[in-house]
Amino acid sequence: MRVCSFSLGFKMTFEIKERDLLARIGRLKTKSGIVETPLLFPVVNPSIQPIPPRKIGEVFGCEALITNAYILKKRFQNQPAERGLHKFLDFNGVVMTDSGAYQILRYGDIETTPKEIVEYQEKIDTDIATILDYPTGLKVTRKHAEKTVNTTIKNAKQLFKTKTREDILWVGPIQGGRYLDLVAKSARQMRKLPFNIHALGSPTEIMQQYRFDLLVDMIVTAKMNLPIDRPLHLFGAGHPIMFSLAVALGCDLFDSAAYAIYARNNRYMTPNGTYRLEELDYFPCPCPKCTKTTPEAVSEMPTKQKQTFLAEHNLYTCQAEIKQTKQAIKNGRLWEHLQTRAHSHPTLLQALKKLKKYEDFIEKHSPATKKSGIFFYDHTDLTRPYVVRHRKKLTEQYSPPKEAKILLLMPQTRTKPFSKSKELKEIKKLLRNILKQHLNKIHTCFYTAPFGIIPIELDEVYPLSQHETTLPLDKETIEYVTKQTANYIKNTNYKTIILLNDPENWNKNILNTCKKTCKNKNIKFKHINTKEKRTKTMLTSLKKILQKTLSEKP
Ligand SMILES: [Zn+2]
């Protein structure tokens, strides 16, 4: 599906259709057609290619691939230009070219100039092109990292003097490696230039070392300093285990050489990790390759055939994980998907915990979707934008009804919304019968995991009643809700607090914190244990406390 070249102002090339967390499903316009993101570009090396490009498109459904302009120039000179890159590769979809930067990282230097690489990519008619950047790598000095950033920026500026075509999308890479201030500087400089796409360099080594926490730092730093809606490519991050993490942080494009490289080393990818072929007794994969054979049979194949088998399986797995991540974005359940993948490896869970550091930024740019109910498993979910957002709103924007003098604090009920629960109905009946004209003096709030305090009038706001929480609660979640409860009492002006204490789910935490906070504020505090007494007895106690409180002079 070739489209005639059209004018590509960079604002027009990327359209966002769906969001979840910082992830998006988008449409990227190129001169060879529109592709949907998040998108994986399998790396094609025409010299040693286990799966032909045509098959990558037709059988594996890949809409795009990436190849290396420097390798093409060195090995094939003018052939790709004479035949056109798409014909040369025998691929109908979108072709992206990398510049040779990876070769600099591996071999130190390469025999070309930034200008030559720009001219060559225009000549071969690539769709998405990359300037000659200078990858930082992982274990380098600050001085070297600075040099890589400055050289990349210099080459980036030169592009806009060299390029002659307007129909190719240009990628402006961000460097800086583990030096986050340099990543930020690099991004701030790059954002000033009219690139269509940005890319974050150097994650290959970071991935090999399983430093996913550092990857979180690098991606978020880049995102914070780039125009948030411009597409971002993550270079060399080709393992399905981390796609959802990178997508959740706002990466749109990936390239994978890993599917083929792993295959050469007998490694079998799964979305939860990698196996050596000889470790497997069964293929845990429903792809068309794996369903027809066994690990034992594949082990006995001739080397080349075995490598092709593994490369094909690996590519199916990568594609499936991209699709699963996209579906999670559509369903508003990317966080849950991220949780599942994070439990594939301790370092991934460490990366998920790292998101706490950036919870404000993630919350600010996450959409408020109203889709299915959401799941909370443990305290790592407290970073989730819904929780952060509710906390901020309650602290910064909420005040209780003016006439409210008594705060009735109730534990979360089994059924939701809390305001329609059996427990509250009984209390409401009691209040109506006995208190009549005093009703508006009593304000009911719920203490709940993971949101903290939910005032009754807000409990149908999504997702305060549209979630499921795992019980028993973990220590950190109890501490979080306890702290939110104390903050709520501190920030409001009730005269009396009445706690329906639920020791079964909260031990003495809520009780002790309420007692302490009320004492410090010099306001009255009463409590009734809900689980120890039958409902009728509890209601009688509550009635007595309320009558006494209302009869007392303020
Ligand atoms: Zn498979």
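The paragraphs below take these topics in turn.

The model is predicted, and local features are given only where pLDDT is at least 70, side-chain atom pairs count only at pLDDT 80 or more, and totals for chains, interfaces and linings use all residues. Residues are numbered from 1 along each chain as its sequence is written, and side-chain values use heavy atoms, with hydrogens and water left out.

The C-alpha trace of the chain spans about 95 × 55 × 45 Å along its principal axes. Its secondary structure comes to 23 helices and 20 strands, taken as DSSP runs numbered from the N terminus (helices: H or I, at least four residues; strands: E, at least two). Of the 554 residues, 56% count as buried, where buried means under 20% relative accessible area, exposed over 50% and partly exposed in between, with a 1.4 Å probe and protein chains only. Among contacts with a separation of 6 or more, 73% join residues 24 or more positions apart; a contact means heavy atoms within 4.5 Å.

The zinc ion has as its protein donors Cys285 (SG), Cys287 (SG), Cys290 (SG) and His313 (ND1), at 2.1 to 2.3 Å. Donors are N, O and S atoms within 2.8 Å of the metal (3.2 Å for Na, K and Ca), and sites may look incomplete because water is not among the atoms. The donor residues follow the spacing C-x1-C-x2-C-x22-H in sequence. Cys287, in the loop between β13 (273-276) and α13 (295-299), and His313, in helix α14 (residues 303-331), are 26 residues apart, and this pair links distant parts of the chain. Both Cys287 and His313 are buried. The angles among the 4 donor atoms are 97 to 126°, and the site is tetrahedral; for four donors, this term requires all angles to lie between 85 and 135 degrees.

Two further residues show what surrounds buried positions. His337 lies in helix α15 (residues 334-342) and counts as buried because its relative accessibility is 8%. Leaving aside residues up to four places away in sequence, His337 touches Ser244, Glu321, Gln324, Thr325 and Ala328. Ile197 lies in strand β9 (residues 197-200) and is buried, with a relative accessible area of 0%. With the same exclusion of residues up to four places away, the contacts of Ile197 include Leu28, Ile128, Trp170, Pro231, His233 and Leu253.

Where is empty space left? Rolling a probe the size of a water molecule over the atoms shows this. On a 1 Å grid over the protein atoms alone, a cavity is a set of points where a 1.4 Å probe fits but cannot get out, whereas a pocket is an open set with protein on both sides within 12 Å along at least five of seven lines; lining residues have an atom within 4 Å of a point. There are 5 cavities of 30 Å³ or more. The largest cavity holds about 60 Å³, and its lining includes Asp20, Trp335, Arg384 and Tyr386. Helix α18 (residues 385-396) gives the largest share of that lining, 3 residues.

The second largest pocket has a volume of about 720 Å³. Of its 27 lining residues, Gln412, Thr413, Arg414, Glu423 and Lys531 lie nearest its centre. Helix α19 gives the most to this lining, with 4 residues.

Terms used. Grid points are joined across faces, edges and corners, and a volume is the space filled by probe spheres set on the points. Four donors count as tetrahedral if all angles lie between 85 and 135 degrees; four count as square planar and six as octahedral if opposite donors are over 155 degrees apart and all others between 65 and 115; anything else is irregular.
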